[in-house]
Amino acid sequence: MTSIDLINKAPAGTKLWLLHCGDLEVDAAFFMRMGGVSTHSNPNPDHVRRKLVLIVALIEHPTEGLILFETGAGKDYPEVWGAPMNDIFARVDYSPDQELDAQIAKTGHNIKDVKAVIMGHLHVDHAGGLEHFFGTDVPIYVHEDELKHAFCSVATGSDLGVYLPHYLKFNLNWQTFSGDFLELAPGVNIRHAPGHTPGLCIMQVNMPESGTWIFTTDQYHVHENYEASHPQGWLARDHDDWVRSNQMIHMLAKRTNAKLVFGHDKECFDSYKIAPYSYQ
Ligand SMILES: [Zn+2]
């Protein structure tokens, strides 16, 4: 490891939990390039439906307190999203213990004790849980490009649906940053990785014992996006930016021998231990 990696390691005693905030069932063409495409020889291909997970991470940091990475979709999101969104991105296998506050309770903490929230991006399935922080002074860290794009998308209707107005409120303590890299706390790093959205950021956590973790949010919905370097299907936005971010993340993962957590990949998520188990 280089000296900067040693300096940037989270202190002893830092804990990391993976929280399971629900399941969706979605047509794979949303996140698999060429998924379900018709051809001359196969004009009516089978539609592949795939189960996805809603993932949140919680860090207990000795000097910074509780840091949340993303928030899940929020309470009653099928009703909040409405039709046809709640049919396209269908909630399945719901149980009340998938609510964000219940998941945090599994770690022995209370959601009211969260000291900071990092938003990888502001799409509905990641940011709906910001409702828990309305009217509080908890800083919500997000890239400036993402906040501008989210508000503009809703205000003009240019990308309404993937962003919704119910959590893009002025009673949240938005804290924006710009540039490519922010070391938010010792061992907790945010890297701008545009493509899926203009201000998407991945989180790189250098844990004292389990090593480096990279939470990619929806730069990669599923492992195939990463392994084949294939941008998403219908959810892809800026292809050139995505390709540049993809290269950066591959190099970073190689250098740090990182464990990757993709945005919604059930197989990947199930390969790790979830809360109440904590990684050190
Ligand atoms: Zn998502």
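Colleague: Which residue forms a salt bridge with K266?

Modeller: D270 does, with the closest N and O atoms 3.0 Å apart. A salt bridge here is a side-chain nitrogen of Lys or Arg within 4 Å of a carboxyl oxygen of Asp or Glu. One caution: this is a predicted model, where local features need pLDDT of at least 70, side-chain atom pairs count only at pLDDT 80 or more, and totals for chains, interfaces and linings use all residues. Residues are numbered from 1 along each chain as its sequence is written, and side-chain values use heavy atoms, leaving out hydrogens and water.

Colleague: Where do K266 and D270 sit?

Modeller: Both are in helix α9, residues 266-270. They are four residues apart, so about one helical turn separates them. Helices are DSSP runs (H or I, at least four residues), strands are too (E, at least two), and both are numbered from the N terminus.

Colleague: How many salt bridges come out by that rule?

Modeller: Eleven.

Colleague: New topic. Which side chain meets K75 in a salt bridge at 3.6 Å?

Modeller: That of D101. K75 lies in the loop between β3 and α2, and D101 in helix α4, so the pair ties together parts 26 residues apart in sequence. K75 also meets E99 in a salt bridge, at 4.0 Å, N to O.

Colleague: Is E99 buried or exposed?

Modeller: Buried, at 12% relative accessibility. Buried means under 20% relative accessible area, exposed over 50%, partly exposed in between (1.4 Å probe, protein chains only). K75 is partly exposed, at 33%.
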